[in-house]
Amino acid sequence: MADSTPLLSQANSAESQSTTPPLEKHRPSLDFTIERCIGVFGWAQFFQTLLVSLAWLFDAQQTFISVFTDAYPTWHCTTHPHGCDSVSNICYLPKNSWAWDWPSYTSIISEWKLECSSSIITGLPASSFFMGCLVGGFVLATLADSSLGRKNMIFLSCLTMSLSSLLTVFSTNIWVYSALRLVCGFGRATIGTSALVLTAELVGKRWRGQVGVIGFFCFTIGFLSLPAIAYLNRGSSWRSLYLWTSIPGIFYSMLVHFFVRESPRWLFVRGRKEEAVATLKSIATPSRSSCLTWSFSEVSFQEERCNNGNIFSTIKMLVQKRWAFRRLLPVLVIGFGSGMVYYGMPLGLGNLSFNLYLSVTLNALAEIPSSLITMLLIATSLVRQAVVFGGVFGPMLVAADRRDGISSYGVFGLVIGCCGLFAICLPETRGRALCDTMDEEEQKEKAICNDEVIQVEGTNGGAR
């Protein structure tokens with residue numbers, strides 16, 4: 001009997017040790033715990049989602065604003081003895097034989113006398129914008145996951161984009177103008193990604209796909225607003241278009257700073273538990289408020305931190321895995337072609353003999369059915385970068401086509417056709433099923449390699 005207590009204590013200790021691993025294995029995930037506290041989707045979450053998604057509206061305006069500000073103006077002959085007609089090249093005509101249909105300040109081409117400049121010069125501002133997007137996408141990619149967070153990233157990106165757009169009004173030449181467009185593109189590089197991630201982390205898993213569509217529709221609305229603003233300001237300076245789009249963007253940045261909530265998931269992962277609980281209280285429904293008294297101590301944050309890798313570590317991992325690199329390369333080529341066509345075609349509308357305002361409106365309306373497809377196809381940061389890289393070359397191609405009619409659209413068709421052929425290299429095109437995670441795909445690739453080795457060894461053994 002004297003030894004019964006130690007034996008019982010040892011038994012309990014052994015039992016607790018044996019039961020500990022299963023408890024650790026069944027720890028609830030952070031996403032599951034947050035969803036239990038705030039619910040799947042409520043009015044507070046809808047307000048947050050809508051407010052965050054409005055960033056796409058101002059993003060679209062700055063992306064396609066050069067369609068009107070950098071447009072090649074129409075002109076007319078003032079005298080006919082010099083062989084002037086509607087198909088003449090004004091670069092070979094005397095200055096007094098032709099004139100612009102609108103005041104010279106309606107476009108950068110006419111104000112800075114760029115009508116006879118090379119396509120590299122006239123396409124430089126739009127290409128600089130996309131080059132800024134490309135650089136900003138790599139430089140700022142990790143800040144939303146590390147130091148700044150999703151909310152601050154959206155705030156700073158929108159503010160930088162809008163302020164640089166406002167400063168564009170004071171441009172004195174094409175070089176200053178292009179530099180400011182580069183800064184604008186650099187600032188807006190992470191708006192779409194940060195807004196998409198933040199809206200997804202504010203709602204339950206069931207609604208993440210739907211709230212993602214809201215952002216793409218806001219992008220379409222922003223694109224649609226441009227021809228309306230430009231039409232109301234026709235005959236005015238091209239600078240007024242930047243004023244009408246930049247000032248609302250600055251006010252929106254202030255709204256984001258004061259009213260948008262940071263992602264509770266990001267706050268928990270960064271160890272800011274008190275702020276995360278305060279955010280959950282602000283968006284949780286009254287029926288779910290009791291859940292906020294639960295402790296998050298049982299949630300495993302180590303796995304969450306491991307899953308928050310940056311784009312550079314992702315690239316390194318993809319390059320090291322040959323099977324992943326072989327699949328990524330065709331997707332990047334397809335993204336490059338898609339970006340050149342997607343961004344180049346709206347910029348080339350001014351070269352067609354159609355009403356520019358109506359053409360841009362119809363092009364923007366075509367975005368509505370394609371929003372769902374875009375959300376499904378352009379899902380990774382690397383593919384977005386490939387799309388933006390394609391957008392760098394679109395403006396220069398359009399600028400070179402201003403004297404050649406519609407040949408740029410033939411080039412666009414050829415590029416997207418050739419790039420589309422790379423889809424044949426993808427395993428899903430050949431009817432092969434894809435795994436949900438890279439680990440599963442890695443195991444599948446190893447199994448295939450082992451089977452091939454066994455078959456080769458069996459063939460060699462049979463030959464002996």
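Modeller: The structure holds six salt bridges. Bear in mind that the model is predicted.

Start with R188 and D59. Their side chains meet in a salt bridge, at 2.7 Å from N to O. R188 sits in the loop between helix 10 (174–187) and helix 11 (191–201), and D59 sits in helix 4 (residues 55–64), so the pair ties together parts 129 residues apart in sequence. R188 has a relative accessible area of 9%, so the residue is buried. D59 is buried too, with a relative accessible area of 2%.

Next come E201 and R265. Their side chains also meet in a salt bridge, at 3.8 Å from N to O. This pair links distant parts of the chain: E201 is in helix 11 and R265 in helix 14 (residues 264–269), 64 residues apart. Both E201 and R265 are buried.

E111 pairs with R239, and the closest N and O atoms are 2.4 Å apart. E111 lies in helix 6 (residues 108–111) and R239 in helix 13, so parts 128 residues apart in sequence are tied together. The two partners differ in cover. E111 has a relative accessible area of 23% and is partly exposed. R239 comes to 17% relative accessibility, so R239 counts as buried; the cut-off for buried is under 20%.

Stay on helix 13, which spans residues 238–259. L241 lies in this helix. At 6% relative accessibility, L241 counts as buried. Leaving aside neighbours within four places in sequence, L241 is in contact with I65, F68, T69, I229 and A230. L166 is 75 residues from L241 in sequence, yet their C-alpha atoms are 9.9 Å apart in space.

M254 lies in helix 13 as well. At 34% relative accessibility, M254 counts as partly exposed. M254 belongs to a nonpolar surface patch with F47, L255, F258 and F259, and together they have about 510 Å² of accessible area. Helix 13 gives the most to this patch, with four residues.

Finally, the setting. The chain has 23 helices and two strands. Of its 464 residues, 44% are buried. Among contacts with a separation of 6 or more, 79% are between residues 24 or more positions apart.

Conventions: Residues are numbered from 1 along each chain as its sequence is written. This is a predicted model: local features need pLDDT of at least 70, side-chain atom pairs count only at pLDDT 80 or more; totals for chains, interfaces and linings use all residues. Side-chain values use heavy atoms; hydrogens and water are left out. Patches are made of residues with over 30% relative accessible area and no salt bridge: like charges are joined within 9 Å, nonpolar side chains (Val, Leu, Ile, Met, Phe, Trp, Tyr) within 5 Å. Accessible areas come from the Shrake-Rupley method with a 1.4 Å probe; for residues, only the protein chains shown count as cover. A salt bridge is a side-chain nitrogen of Lys or Arg within 4 Å of a carboxyl oxygen of Asp or Glu. Buried means under 20% relative accessible area, exposed over 50%, partly exposed in between (1.4 Å probe, protein chains only). Contact means heavy atoms within 4.5 Å.
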